[in-house]
Amino acid sequence: MASSRGEFSSRLGFILAAAGSAVGLGNIWGFPTQTATNGGAAFVLVYLILAFCLAYPAFMAELVIGRYGQANAVTSMQKMSRHMWQKRFAFIVGFGGVICAGLILSFYGIIAGWMMSYAVEPAANLLGMQSVSDWVITQGHVRNILFAAVFMFLTIFIIRKGVEQGIEKWSKRLMPALIGLLILLILYVITLDGATDGLRAYLQPDMSRVFEPDLLISALGQAFFSLSLGTSVMVIYGSYISKKENLVKLGAQVTLIDVTIAFMAGLLIIPAMYVAQHQGVQIFAADGSLISGPSMVFAVLPSLFEGMGAIGLFVGFAFFVLMSIAALTSSISMLEGPVSYAVERHNLERKKATTLIGLIIFAMSVVIIFNLDFMLDLVAMIATEYGQPIIAMLCCVFVGWIWNRNDMLVEIKQGNPEVESSLFWKVWPWYTKFVCPAAILMVFIHSL
Ligand code: PHE
């Protein structure tokens with residue numbers, strides 16, 4: 001029943017929770033890496049355009065579905081359906097999103113665990129526990145399982161507490177901490193030798209690369225992953241927004257925060273790489289491209305921090321705490337998708353559902369850990385390259401082709417009575433109907 005459901009208690013609560021979901025390893029790690037490998041500032045420019053012109057409309061589709069349905073993704077889309085086949089289709093799309101969220105969490109938790117272990121390392125070092133600090137950064141099943149378990153425990157702990165006391169309260173604490181830490185780290189890194197070279201690579205676009213197909217596709221994929229689309233997460237967060245709020249504006253604010261934090265992360269990581277190079281760390285691979293992927297965050301950055309002497313311990317600690325916080329505000333949203341589904345569709349008690357689903361996903365993480373070489377990439381690929389784009393596309397199809405246009409207007413008008421005469425209403429319905437599905441289809445075909 002709608003009245004017994006959770007709801008964000010304030011506008012800020014929603015903004016920080018949704019931005020918390022959106023801002024994660026994808027922004028602080030994925031975006032700078034993609035920027036480095038795709039021509040620096042040219043990628044930044046294309047990303048900004050696509051995030052606002054394509055990801056934002058698709059994000060709005062998911063938020064609107066949730067707020068209209070006041071329920072998990074399956075129930076919400078079934079409320080929009082008139083025929084039996086549409087209800088079945090709603091089930092496939094909604095449940096697909098729930099599964100996708102679970103899959104993402106199963107590998108995301110492992111990487112987040114590594115981030116935590118790299119935060120423990122300088123702390124242990126400072127306390128003189130050399131053997132601990134060596135052990136936590138050495139690849140091994142026990143270490144991987146331990147840190148993934150701690151991370152999953154934190155995620156379960158927050159989600160068990162519900163929307164207001166869990167998601168909202170913790171997002172309000174963690175997001176400002178994240179932004180504060182990020183700013184401090186940027187200010188520190190840009191004072192170091194070599195940082196200006198990094199800033200130049202990041203901010204001076206090579207316009208000739210802007211239309212490269214690979215760059216376009218990577219930027220679009222990055223924008224969709226970053227806004228947590230295609231996972232039922234934004235549908236359920238949308239369902240917790242009060243009918244008094246202006247959805248169009250809230251969605252735009254969250255997109256803006258997500259993009260800004262990705263941009264700021266680039267401002268930290270790219271100069272940090274060049275500072276590391278200045279200190280003798282190798283940042284270019286043999287073929288001349290920038291080192292990317294896990295090798296960079298877990299090799300280049302720690303050696304950069306080491307080169308700073310004693311203060312490096314604090315900077316390294318702060319950086320990996322930052323990564324862990326960003327991951328946590330995303331992982332709670334990934335768990336909320338399946339949990340809200342189990343609670344609303346199968347009448348499970350929230351705390352029980354959270355623990356049960358959390359443990360199942362953790363068991364999947366353990367399986368991945370034992371087969372790390374091939375399963376980590378495989379699961380990530382299935383969920384983010386296939387699952388997310390297909391489901392996000394189908395959500396747009398649902399809104400554009402199946403939902404009644406009048407109902408759509410009535411829903412969006414709540415909290416935004418003037419919307420009918422706005423640019424948004426003139427462009428968005430048409431956009432979600434044609435442009436978004438077509439563009440996402442392009443990404444998908446490319447990933448094949
Ligand atoms: N948007 C998150 C990030 O950038 C990842 C995420 C994907 C979160 C899907 C929730 C659902 O890291």
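A residue counts as buried when its relative accessible area is under 20%, and as exposed when that area is over 50%. The model discussed here is a predicted one. By this cut-off tyrosine 240, with a relative accessible area of 2%, is buried, although the place of this residue is in a loop, the one between helix H11 (233–239) and H12. Leaving aside neighbours within four places in sequence, tyrosine 240 is in contact with Arg5, Gly6, Glu7 and Phe8, as well as with Val163, Glu336 and Ser340. Its C-alpha atom is separated by 9.9 Å from that of asparagine 72, a residue 168 positions apart from tyrosine 240 along the chain.

For phenylalanine 319, once neighbours within four places in sequence are left aside, the contacts are Leu185, Leu268, Ile269, Val297, Leu301 and Phe305.

Elsewhere, helix H3 (residues 41–69) packs against helix H17 (residues 405–413), with the axes 10 Å apart and at an angle of about 85°. Since angles of 65 to 115 degrees count as roughly perpendicular, H3 and H17 are therefore described as roughly perpendicular to each other. On the H3 side Val64, Arg67 and Tyr68 take part, and they meet Asp407, Glu411 and Ile412 of H17. Sorted by class, this contact has three nonpolar and three charged residues, with no polar ones.

Notes. Residues are numbered from 1 along each chain as its sequence is written. This is a predicted model: local features need pLDDT of at least 70, side-chain atom pairs count only at pLDDT 80 or more; totals for chains, interfaces and linings use all residues. Side-chain values use heavy atoms; hydrogens and water are left out. Contact means heavy atoms within 4.5 Å. Helices (H or I, at least four residues) and strands (E, at least two) are DSSP runs, numbered from the N terminus. Buried means under 20% relative accessible area, exposed over 50%, partly exposed in between (1.4 Å probe, protein chains only). Axes are lines fitted to C-alpha atoms, for helices over the stretch in contact, and angles run from 0 to 180 degrees between N-to-C directions. Angles under 35 degrees count as roughly parallel, over 145 as roughly antiparallel, 65 to 115 as roughly perpendicular and the rest as oblique. Ala, Val, Leu, Ile, Met, Phe, Trp, Tyr, Cys and Pro count as nonpolar, Asp, Glu, Lys and Arg as charged, and the others, Gly among them, as polar.
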